[in-house]
Amino acid sequence: MNLYLEFLTALAPEVIVVATALLVLLVDLVLVREKPLAQRVGLTGAITCLGCGLAMVWLALVPCSAHVAMLAIGPVTQWLKVPLLLLTIFAAVLSWNERFTRHAGEYFALLLLAATGLMLLVSSDNLLLIFIALELLSTSLYALAAFDKGSLASSEAALKYFLFGGMSAAFTLFGISLIYGIAGDLQLGVIEMRLRGHPAEPVFYAALVMTLVGFAFKLAAAPFHLWAPDVYEGAPTPAAAFIASGSKVASFFVLARILLSAFPAERGAASFGSYLPGWAPVLMALAALSMVAGNVAAIVQTNVKRLLAYSAIAHTGYALLALLADQRRALSALLFYTITYAFTVVGAFAVVSVVENNGRKASLADFAGLSKRAPLLSFCMLVFMLSLAGIPPLSGFFGKFYLFTAAAEALPKLSLLWLVVLAVAASAVSLYYYLQVLKQIYAVAPAPASAWPRPALSSSVAIVLLAAIVIVLGCVPDLLLGKISELLKTNPF
Amino acid sequence: MILSILTFLPLTAGVLIALLGRDRQKLGRNLAFAASLLSLTLAVGLWVAFDNAQGGMQFVESVSWVPSLGIEYHLGVDGLGLLMVLLSALIVPFALLASWKIENKPKLYFSLVLFLESGLFGTFTAQNFIHWFLFWELSLIPAFFLIRIWGGSKRGYAASQFFIYTMVGSVAMLAAFLALYATADAATRSFDFAQLAATAHQGGLFAGHKTLATAVFLGILLGLAVKVPLVPFHTWLPAAYSEAPTGTAMLLTGAMSKMGVYGFLRILWPIFPEQMQTWRTPLLALAAATIVLPAAAAFAQKDLKRMVAYSSVNHLGYCLLGIFAAARLTDGSALFPNEQAAALNGVILQMFNHGLTASALFYFVGLIEQRGGALRGLNDFGGLRQAAPVFCGLMGIALFASLGLPGLNGFPGEFLIFKGALNLSWRTALISVSGLLLTAIFLLTILQRVFSGPLPGKWSGWPDLTLAERLTVLPVMALMFVLGVFPQLLTGLANPAVLQMLKSF
Amino acid sequence: MLAWTIYISFLGAAILMFLPGENPLPARTLALLAALAGLACAVMGAIECHRHAGAGALTDVANAPWIAELGIRYHLAADGISLVLVLLTGIAAVAGVLFSWNVENRSREFFALYLALIGGVYGVFLSVDLFLLFVFYEVAIIPKYFLIVIWGSTRREYGAMKLALYSFVGSAMVLVGLIAAYVVAGTKTFDLAELAKVPFPAAFQNWAFIVVFVGFAILAGLWPFHTWAPTGHVAAPTAASMLLAGVVMKLGAYGALRVAMTLFPIGLHTWQNTIAVLAVVGIVYGALVALVQQDFKFVIGYSSVSHMGFVLLGLMTLTQIGLTGAVLQMFSHGIIAGLLFAVVGRMVYDRTHTRDLAVLQPMNLNRVLPFAAVTFVVGCAASMGLPGFSGFIAELQVLVGAWQSFPVFGVLAAVGILVGIAFTWRVLLKAFFAEDKVEARPLTPCPRISLPERVGAVLLLATTITIGLCPGLLLDLITPALNSPLMQPLWKAGMR
């Protein structure tokens, strides 16, 4: 009994969220079935937000630390769930104004289940539970991507997502099973102990690579990124926002956890002049490929959502640099970067959804003259785009700066400088396409179309709030960074 | 203080006039003339307060300007400088009066002339190279615009040539001085003329770098040679002088050309005695060429203004002859001190007197052009003596003064120069005498073709000098007589300065 | 006091963004007030610093912890060199607003971007924490882009993007160098004075110096990375070109001096001759290309490249007199370039709608726009380096310094001055003073030069003449600054 109570207390936020999902389904099915869609969406959305809020409150008020069953919950993981829930709330807020589906309850339930998957993902240090959480997340996201039944692109996107995802999940599972075969256990700490002192066998490398494939897919790292542009473009925008933000944060954290807890010794190195086999060279290759492929492909895009997708690929590349730094700085930089990136990209997608809701597509030409119609919105988009480009004093700049500094500091000093140089160069190139969006918004005359209806209040508030977060975290990064550093002082995992 | 006031008074007046509204042309003119008269008064006052016996610099002002580079705001006058200041102060009102009837933007014209006057004063009183160079360049711009905007039909070309030649010369000078400054060692490094002269005298200026010394000398020489001008750098002058409006031509020939000769005396003479001695022979040859060739060219001209322009070059050639002839190192034993002193005195006198006569000549030619309906060819007129006897008489006086007739002011200068040159360098002097002859010939030709002979019908109504014109030209005419008979007025100032110069050579 | 220059500018920009209505007058007035306030703060701050500090001290303006994790502080300080450049920014800012008085289209955003740019520039000149300096340096890039792409003229999209990308690539190079320096130093600080004391290994300095120097020098117009400058200047609206040529190019030179040369003196030695060669090539090449241009603004654009070559040459001489000349040339050229672009852009182009010299020549502009003609004449005289204007002493000092360190380059630079005189004089004649024969052509009437333009022109002219006649005003700030703690590494590197 005590065990189960402990279990439940440890997983209370997840429980709350799951309960909210069930509640949403119930309410939608029973209470408001006949009401107009707007009301249904509004109500279910509100319940979603409340549930997530409640979970956040619990996380804030009730400290928890549990290493029971397959869970490993510490201060860091508890804290990390707060931004994840916040991102879910933002996704829900964005969905309030969407009318692409009649199945409001199911939509929000899936969203909440995906959130649960996210939270479980960061709570575990057992490869099996990690995989289960990953699948929970992925399946929910596949379904969410398909939700716009009226759009062919949505179905195509979901199918691609599912096929790619399924395949890479298979790879991951196979890799995990190989690891189990080698190490004899699925707990990360135990694996590390078992592997200690033993030279790595070729099979191990195969296992490692296969495991990494799954995560590389989830993170949209090149060359496993081919699903991303289509999914970002085709999926309903709030869903795309959620995919782009939440799953990135959690997946990075989990990847860091796996690599740094279970395989610190098999790190390897790939700086100029010294090559050691391990997971570092693989990550380096992924990072370099992602940065280059993402930025180069983004230059020629004419659809803003696809542009954001390729930029996401590039950003994955940058973030992978963090994993190559030494441990403490690595996690700190990674968390700061991914969290700020997540908020920025949700904001960008929010602006895109506002533009789409007003009868346009999301191509560059549809943004023309936005500054005249909606100056505040345009300013927020300016903030988001420049933050992604890495212009101070926005959070994206400091995130990149911190990331690059951490990577450069990796011992031996300046060994990763070539990668930092590549990242900086790629970042410089990226300014081009972000400025293209901004040029459309600010410099191009608007098309003489019908009047521009005002964006919904909830969307506007969300966008402004996100922009404010980006600016504040850019000017005073210590607000976030201080908290992260404090949390990481103790053993992060 | 007085020298600074003198220098900046025309500048300030010029700025004020330029700022007046468009409808205040008359006020502008009057103001300009008043300012020039005020400058003249100041200059005369300076003369009165000047101590003739002393040979060095007086009314010295020295303020440190850019200490790290050794640039000072350093003014002072000795006899030579004072004479040049007086000359400029005399010619400017004369030129302003000659330009009184300008119709196109007179205000701007007058303020440019005043800027030019400031430049002249500044150059003649400066004792530090950068200070000197600043005013040297400052006089370039107004002159350029004066020719460009108010000149004759080929003014664009003339102004451009003027600008290019002078600019190239100035740049060469600046480069030379910079090289001088940069290669000197830190203790003696300076831009100050007196200090440089002192260092040169002790032999410490180039410390044995012969080629560098020669290069610097040639650079400064080039700059000054273009200004004087010295053949073969004179080709800008005929065009510039003949295309310039009358008042500007008077200024150019009367005062600005003296800047070059002044530069020879103030800069090259004290600082580069060795080099002057080394290059004396070629320079004498060039001086002789400057005397003979333009005289011959003037002889072949058909345009009155051009003839006078060429004759200007010829007269300045005498100055250079005097300087180069006197440039013999005495090395302790006095070789020809009297002759040297004579030659240099002659040079200074010639500078002053030629300023007066040449500007008078240009004034008269300008009058001819005005009355003749823009004609000024040698053969366009004839027998004007019958129509305008006063005009002819006065112009004749000016022509004779330019010729060097004893009793008029042109004579003492030329006489002293030749007295010195014949002893110091008789070959060159002999060749130059032919220049005297040629000058006499063409000046008399002017007299004959324009004034004597039968009067053609179309000129029978040729107006004589009006009262205003007579009053304009009267002071200069009077000076021609006075200085011809009492050259002591000038030599009294010039001689102490000359002796000082010779002492330190 | 000095920090208020930054705050006022950004505050002004923020207020302008949210100003309601389309009326340009409140926008202009507010911008002018902000610029004037900035200038006033700059002047007062300069006087205060000069009085309190001894000769050559670095006066702290603001020093607060910022990001403890990386040892970054919000540290502003000024020595004589920063003060000179801050003063330049103040004057150029006011002049730019005056010359943009006629901007009607989206004037709020124009002035907001303008003030943001000014704020960033002030920040760069006052920062002594390298992270902070870099932040301000990058902040300045985006307003430039928008100013050109929205209000520019010829090929503005291309020009703006080229400028933005070149600047960003330059700053990327600087970023790499900064991070590398931070990591190698191991002192967990980004403070310039602290990092200047760190003895970086020679091999590291050799590559770090050139990366950081070129990164900054791209913005300064170092040949052959200067190609953004002519295109950018031509595409930009008048006020933006005034600021670009006048102030932003100085950001690059200042960064090169403050960061590259101060942190990596050994690297400086290694690359000194190479960069001096590039600088001299820039001087001569810029002047030669300007000589054959047919577009009025291109002439001035290339002349900027040529003048900045002097700055870079002066920096490379590593002599006191050369460095002083370089800083003075930064100030002088800033004012003169602003003046020339104002005439070309605002006075001539806005009225005649052409920049083609062949079309302008018969227009007899000296009769139609006499004020512009006079302003341009004086501006050209100053640009040629005639004595009495600020450029003369500056170029003199650079030449003397060059003669001491690389005599041949000094001579070549002097040749560059000659070509400079030639092209300046050519453009003056072609643009304003027509040939003789076209008296008969009727003069196209043009609107008179307005009061704000006159005030702006007088401001700039007065500055260049004042500094030309009393260079001591600025030299008194610069010369002692060469002894400031930030310049110590240069002394150790063998500055004479």
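**View 1. Helices H12(C) and H13(C) cross left-handed.** H12(C) passes H13(C) in a left-handed crossing, meaning that the near helix is turned anticlockwise from the far one by less than a right angle. This is a predicted model, in which local features need pLDDT of at least 70, side-chain atom pairs count only at pLDDT 80 or more, and totals for chains, interfaces and linings use all residues. Residues are numbered from 1 along each chain as its sequence is written, while chains are lettered from A and ligands numbered from 1 in the order in which they are written. Helices here are DSSP runs of H or I with at least four residues, numbered from the N terminus. Helix H12 (residues 265-291) and helix H13 (residues 296-317) of chain C pack at about 155°, with axes 8 Å apart; axes are lines fitted to C-alpha atoms over the stretch in contact, and angles run from 0 to 180 degrees between N-to-C directions. H12(C) is therefore roughly antiparallel to H13(C), the term for angles over 145 degrees.

**View 2. Here is where H12(C) and H13(C) meet.** Residues are in contact if their C-beta atoms, placed from the backbone, lie within 7 Å. Among the residues that meet are Ala276(C), Ala279(C), Val280(C) and Ile283(C) in H12(C), and Leu312(C) and Leu313(C) in H13(C). By class, this contact has 15 nonpolar, 6 polar and no charged residues. Nonpolar means Ala, Val, Leu, Ile, Met, Phe, Trp, Tyr, Cys and Pro, charged means Asp, Glu, Lys and Arg, and the others, Gly among them, are polar.

View 3. Beyond its neighbours within four places in sequence, Leu313(C) touches residues including Val398(C), Ala402(C), Phe409(C) and Ala413(C).

**View 4. Chain C meets chain B.** Here 24 residues of chain C are in contact with 21 of chain B. H18(C) gives the most to the chain C side, with 7 residues. That side has 16 nonpolar, 6 polar and 2 charged residues.

**View 5. Chain A meets chain C.** In this view, 28 residues of chain A contact 25 of chain C. H18(A) gives the most to the chain A side, with 12 residues. That side divides into 21 nonpolar, 3 polar and 4 charged residues.

How values were computed:
Contact = placed C-beta atoms within 7 Å. Helix = DSSP H or I, 4+ residues; strand = E, 2+ residues; numbered from the N terminus. Parallel < 35°, antiparallel > 145°, perpendicular 65-115°, else oblique.
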